[in-house]
Amino acid sequence: MIRVWDALLRSLHWLLAVAVLTAWFSGHLLEHWFAQVHHTAGYVAGAVVVVRVLWGFAGPRHARFASFVRGPRATAAYAREVAASREPRYLGHNPLGGWMVVALLVAVAAAVITGMLFISDWLWGYGWLADLHEALAWLLMVLVIGHWAGVAFTGLRHRENLVTSMFSGMKRAASERDVP
Ligand code: HEM
Ligand code: HEM
């Protein structure tokens, strides 16, 4: 077994997961003190995204965007391999997973920004902004469910538990066929 996910990346991941799910559920119960819970969870999620983006440039290999964000051709080629059940195992994020990471981070940032604008003096009470915030929250949930499906599918394909790896940071070392 070798270490793939560093401690900061893992901590950010689980903090983001808890914050986003808390923001999502409290968003539907906004009366009374839930509003405070909702705003706090949203700000925590926003802060995680900022730190994660910086870590994507400064962090170790598998945390870096440059190591897992691939161009459209490489991503499409990987998708075809998945369809033909002959895709290689990646130690870091695979090309489709890499784009899902980007989509999740962008969607969280957009939800946080629209939420903050909605309660700002400048744009307080604008209906279209509340609608946009709600739509982004739904988009985010669709992505999260896609994220779970991708994690489950990839784990089954390569017979490994990716969720426990996100806790321990450890994965089975790469064989010759794998992408290290
Ligand atoms: C609570 C259930 C969740 C589980 C079990 C889970 C599991 C995982 C796993 C296993 C990975 C690694 C994927 C890989 O091996 O390539 C991962 C990555 C990631 N997940 Fe989740 N996830 C959860 C919730 C969330 C939520 C709610 C978000 C919020 C948007 C999220 C955002 C991300 C991001 C951004 C990454 C990339 C990690 C990085 O490179 O920093 N996850 N997740
Ligand atoms: C991950 C980040 C966030 C998610 C997933 C999220 C999600 C949601 C959801 C699901 C709703 C309910 C929409 C509806 O059914 O009408 C909502 C409403 C709301 N959110 Fe957020 N939110 C986030 C961040 C924030 C932040 C950072 C703020 C402000 C600081 C905020 C302020 C609000 C407000 C004021 C409403 C009520 C809008 C209305 O009156 O319709 N949200 N949010």
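The shell around ligand 1 is made up of 15 nonpolar residues, four polar and one charged (Ala, Val, Leu, Ile, Met, Phe, Trp, Tyr, Cys and Pro count as nonpolar, Asp, Glu, Lys and Arg as charged, and the others, Gly among them, as polar). The model is predicted: local features need pLDDT of at least 70, side-chain atom pairs count only at pLDDT 80 or more, and totals for chains, interfaces and linings use all residues. Residues are numbered from 1 along each chain as its sequence is written, while chains are lettered from A and ligands numbered from 1 in the order in which they are written.

In total, 20 residues surround ligand 1 (C-beta atom, placed from the backbone, within 6 Å of the molecule). The closest are Ala17, His93, Leu104, Leu162 and Met166. Helices H1 (7-27), H5 (95-118), H6 (127-157) and H7 (162-168) each supply at least two shell residues (helices are DSSP runs of H or I, at least four residues, numbered from the N terminus). H1 gives the most, with seven.

Ligand 2 has 23 residues around it; Gly27, Gly42, Gly115, Ala130 and Ala137 come nearest. Its shell holds 15 nonpolar residues, seven polar and one charged. Here H5 gives the most, with six residues.

The buried residues of H5 include Ala107, Ala111 and Gly115 (buried: 20 or more other C-beta atoms within 10 Å of the residue's own, all placed from the backbone). H1, H2 (34-58) and H6 are among the elements that cover the buried residues of H5.

Methods
A residue is buried if 20 or more other C-beta atoms lie within 10 Å of its own, exposed if 12 or fewer, and partly exposed in between; C-beta atoms are placed from the backbone. Two residues are in contact if their C-beta atoms, placed from the backbone, lie within 7 Å.
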